[in-house]
Amino acid sequence: PKPKPPPREVGLDEVQTCRQKGCGEKFTERENHDKACKYHPGPPIFHERQKGWACCNVIKYDFDEFMSIPPCTVGRHNANPDEAEYAKSKPK
């Protein structure tokens with residue numbers, strides 16, 4: 001497979017959109033901190049009529065109720081979660 005490009009440099013005041021599941025807020029790196037983002041770290045679950053999140057063990061049957069499940073984790077905003085995984089797996 002083709003290797004992913006390295007993460008793009010971002011200015012401290014550049015407005016970004018958080019891509020963590022369940023967040024979607026606008027932020028700048030200058031304002032970002034360890035309690036800025038509320039999100040779901042686990043994948044969504046869609047099985048037959050059940051909908052939920054693997055990380056917080058909440059199951060709903062209605063899509064609107066699924067969308068209103070509050071995030072279960074607090075951390076930093078991240079505009080590129082896939083690039084964070086890339087950085088973790090990058091050989092040193």
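**View 1. The hairpin of β5 and β6, with Asn57 in its turn.** β5 and β6 form a hairpin that leaves 4 residues between them, and in this turn Asn57 has a positive phi of about 55°. This is a predicted model, so here as in the other views we are looking at computed coordinates. Asn57 has that positive phi although it is not a glycine. Its place is the loop between β5 and β6. Is Asn57 buried or exposed? Asn57 counts as exposed, because its relative accessibility is 71%. As for the strands themselves, β5 and β6 (residues 58–60) run antiparallel and are joined by 3 bridges. Look across from Lys51 and you'll find Lys60 of β6 standing opposite.

**View 2. The hairpin of β4 and β5, with Glu48 between the strands.** Move to the other partner of β5 and you meet β4: residues 44–47 make up β4, residues 50–53 make up β5, and the two pair in the antiparallel sense over 4 bridges. Here the hairpin has 2 residues between the strands, and Glu48 takes a positive phi near 50°. Glu48 isn't a glycine, yet its phi is positive at about 50°. You'll find Glu48 in the loop between β4 and β5. With a relative accessibility of 75%, Glu48 counts as exposed. Opposite His47 stands Gln50, in β5.

**View 3. A nonpolar patch on the surface.** Three residues make up this patch: Phe46, Phe63 and Met67, with about 350 Å² of accessible area together. Phe63 sits in helix α1, which covers residues 63–67. How does Phe63 count in terms of accessibility? Phe63 counts as partly exposed, because its relative accessibility is 42%.

**View 4. Cys23 and Cys37, two cysteines without a bond.** Which cysteine sulfur is closest to that of Cys23? It belongs to Cys37, and at 3.6 Å it is too far for a bond. Cys37, for its part, is in no disulfide, and its nearest cysteine sulfur is that of Cys23, 3.6 Å away. Search the whole structure and the count of disulfides is 0. Cys37 is buried, with a relative accessible area of 0%.

View 5. Gln20 belongs to the loop between β1 (16–17) and β2 (26–27). Despite being in a loop, Gln20 counts as buried, with 15% relative accessibility. Which residues does Gln20 touch, if we leave aside its neighbours within four places in sequence? They are Cys37, Tyr39, Arg76, Asn78 and Pro81. Cys37 is the buried cysteine from the previous view, while Arg76 turns up again in the next one, where it is partly exposed at 38% relative accessibility.

**View 6. Arg76 in a network of salt bridges.** Glu29, Asp34 and Arg76 are linked in this network. Start with Glu29, which forms a salt bridge with Arg76, their closest N and O atoms being 3.6 Å apart. This pair links distant parts of the chain: Glu29 is in the loop between β2 and β3, and Arg76 is in the loop between β7 (73–75) and α2 (81–89), 47 residues apart. Now take Asp34, which also forms a salt bridge with Arg76, the closest N and O atoms being 3.8 Å apart. Asp34 lies in the loop between β2 and β3 and Arg76 in the loop between β7 and α2, so this pair ties together parts that are 42 residues apart in sequence. Glu29 counts as partly exposed at 28% relative accessibility, whereas Asp34 counts as exposed at 55%.

**View 7. The salt bridge of Arg30 and Asp13.** In this pair, the closest N and O atoms are 2.7 Å apart. Arg30 is in the loop between β2 and β3 (37–39) and Asp13 in the segment before β1, so to speak two distant parts of the chain, 17 residues apart. Arg30 is exposed, with a relative accessible area of 52%. The protein's count of salt bridges comes to 3.

**View 8. Stepping back to the protein.** There are 2 helices and 7 strands, and along the sequence they follow the pattern β-β-β-β-β-β-α-β-α. The protein has 92 residues, and 24% of them count as buried.

Methods. Residues numbered from 1 in each chain as written. Predicted model: local features only at pLDDT ≥ 70, side-chain atom pairs only at ≥ 80, totals over all residues. Heavy atoms only, no water. Buried < 20%, exposed > 50% of the residue type's maximum accessible area, 1.4 Å probe, protein only. Contact = heavy atoms within 4.5 Å. Pairing = 2+ DSSP bridges. Patch = residues over 30% accessible without salt bridge, like charges linked within 9 Å, V, L, I, M, F, W, Y side chains within 5 Å. Areas by Shrake-Rupley, 256 points an atom, 1.4 Å probe, with all protein chains shown as cover. Salt bridge = Lys/Arg side-chain N within 4 Å of Asp/Glu carboxyl O. Disulfide = S-S within 2.5 Å.
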